[in-house]
Amino acid sequence: MGRGAAALLVLAVAGGCTVRSDGDGDGKRHLPVRIEVPKRSTPPAEDDRKPSATPPTGSAAPAVLWSRGDSGRDVRELQARLRQVAWLYDGPTGSYDDLTERAVEGFQGKRGLPRTGKTDAVTWQRLLRMTHEPGKWELYLMGGQPADAPDARCLTGRVLCISKTSRTLRWMIDGRTMRTVSVRFGSVGTPTREGVFSIYWKSRHHVSTLYDSPMPYAMFFSGGQAVHYSADFAANGYAGASHGCVNVRDEAAIADLFGQVRNGDKVVVHW
């Protein structure tokens, strides 16, 4: 990189439930890793403060931090910050794909930086100044977050073990995790109940009579609350919420679970 300093490195059955647009989050934040910028003995030159589209003759190009094909938590943060400035609309995936590359290229071009589509040190610093540190559910807007440890009540028998902390559902048999999927819950006004329940009714093509909303692959465990597929969760991620049900966004996964789960199987909803 040029004289401009070091790079920053790097959420009653008839009634049923449906989705709504008021989301919630846990507010937890994950701080990005940074390297301290060394102090300068002289004030920065004008070229240092305003990077040009073409580096001055004899100076090195800014170091590339991430580019297409890279993946990980740092790429997820990059994508979340690009969403904040409306250059990326899909939720962060953690994979530097073609959409991310085009978003970076557009961001660079708008600010007079070389349109490489690669996130170099200068591009990253400019993006940091224009955005705030993303919270956990900004980073995992579309799911993909790691599951936390299963509750002790989930370690025996056939269990849908549902964590509100990591927003994940584990399908477990005798202590073994057979499948893990991302889930979301009800809002503050219509919370998903916590505790130990059991599946008492399955309805493949269920439609809520209260909200006139589809609830495919519904597995009811507490009154009108069920585990079911949600097209809204699939489209909008954690930007929304249910009216109390446990939403699954992966239709293939919930279809497979629906075929395996039996009436009487345990459901544990915990923090």
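**Calls and cut-offs in a predicted model**

Modeller: Tyr 217 lies in strand β9, residues 214-222. Bear in mind that this is a predicted model.

Biologist: Why is Tyr 217 called buried?

Modeller: Its relative accessible area is 9%. Buried means under 20%, so Tyr 217 is buried.

Biologist: Where is Arg 167, and what is its phi?

Modeller: Arg 167 sits in the loop between β4 (158-163) and β5 (168-173). Its phi is positive too, about 55°, and Arg 167 is not a glycine.

Biologist: How do you know whether Arg 167 is buried or exposed?

Modeller: Set its relative accessible area, 5%, against the cut-off. Under 20% is buried. Arg 167 is therefore buried.

Biologist: Turn to the cysteines. How many disulfides does the structure hold?

Modeller: The structure holds 1 disulfide.

Biologist: What makes Cys 154 and Cys 161 a disulfide?

Modeller: Their sulfur atoms are 2.1 Å apart. The pair must lie within 2.5 Å, so Cys 154 and Cys 161 qualify.

Biologist: Which hand does the link of Cys 154 and Cys 161 have?

Modeller: The link is right-handed, with 80° about the S-S bond.

Biologist: Are these two cysteines buried or exposed, and how do you know?

Modeller: Cys 154 has 0% relative accessibility. Cys 161 has 2%. The limit for buried is under 20%, so Cys 154 is buried and Cys 161 is buried.

Biologist: Now the helices. What describes two packed helices?

Modeller: The angle between their axes, and the distance between the axes.

Biologist: What are those values for α3 and α4?

Modeller: α3 (residues 98-110) and α4 (residues 121-130) pack at about 80°, with axes 11 Å apart.

Biologist: What angle and distance separate α2 and α3?

Modeller: α2 (residues 73-84) packs on α3 at about 55°, with the axes 11 Å apart. That angle makes α2 oblique to α3.

Biologist: Which residues make the contact of α2 with α3?

Modeller: Leu 78, Gln 79 and Leu 82 come from α2. Thr 100, Ala 103, Val 104 and Phe 107 come from α3. The classes are 5 nonpolar, 2 polar and no charged.

Biologist: Is the crossing of α2 and α3 left-handed or right-handed?

Modeller: α2 passes α3 in a left-handed crossing.

Biologist: Leu 99 is found in helix α3. Why is Leu 99 called partly exposed?

Modeller: Its relative accessible area is 32%.

Biologist: What does Leu 99 touch, beyond residues up to four places away in sequence?

Modeller: Leu 88 and Asp 90.

Biologist: How many residues lie between Leu 99 and Trp 87 in sequence, and what is their C-alpha distance?

Modeller: They are 12 residues apart in sequence and 9.5 Å apart, C-alpha to C-alpha.

Key. Residues are numbered from 1 along each chain as its sequence is written. This is a predicted model: local features need pLDDT of at least 70, side-chain atom pairs count only at pLDDT 80 or more; totals for chains, interfaces and linings use all residues. Side-chain values use heavy atoms; hydrogens and water are left out. Buried means under 20% relative accessible area, exposed over 50%, partly exposed in between (1.4 Å probe, protein chains only). Axes are lines fitted to C-alpha atoms, for helices over the stretch in contact, and angles run from 0 to 180 degrees between N-to-C directions. Helices (H or I, at least four residues) and strands (E, at least two) are DSSP runs, numbered from the N terminus. Angles under 35 degrees count as roughly parallel, over 145 as roughly antiparallel, 65 to 115 as roughly perpendicular and the rest as oblique. A crossing is left-handed if the near helix is turned anticlockwise from the far one by less than a right angle, and right-handed if clockwise. Contact means heavy atoms within 4.5 Å. Ala, Val, Leu, Ile, Met, Phe, Trp, Tyr, Cys and Pro count as nonpolar, Asp, Glu, Lys and Arg as charged, and the others, Gly among them, as polar.
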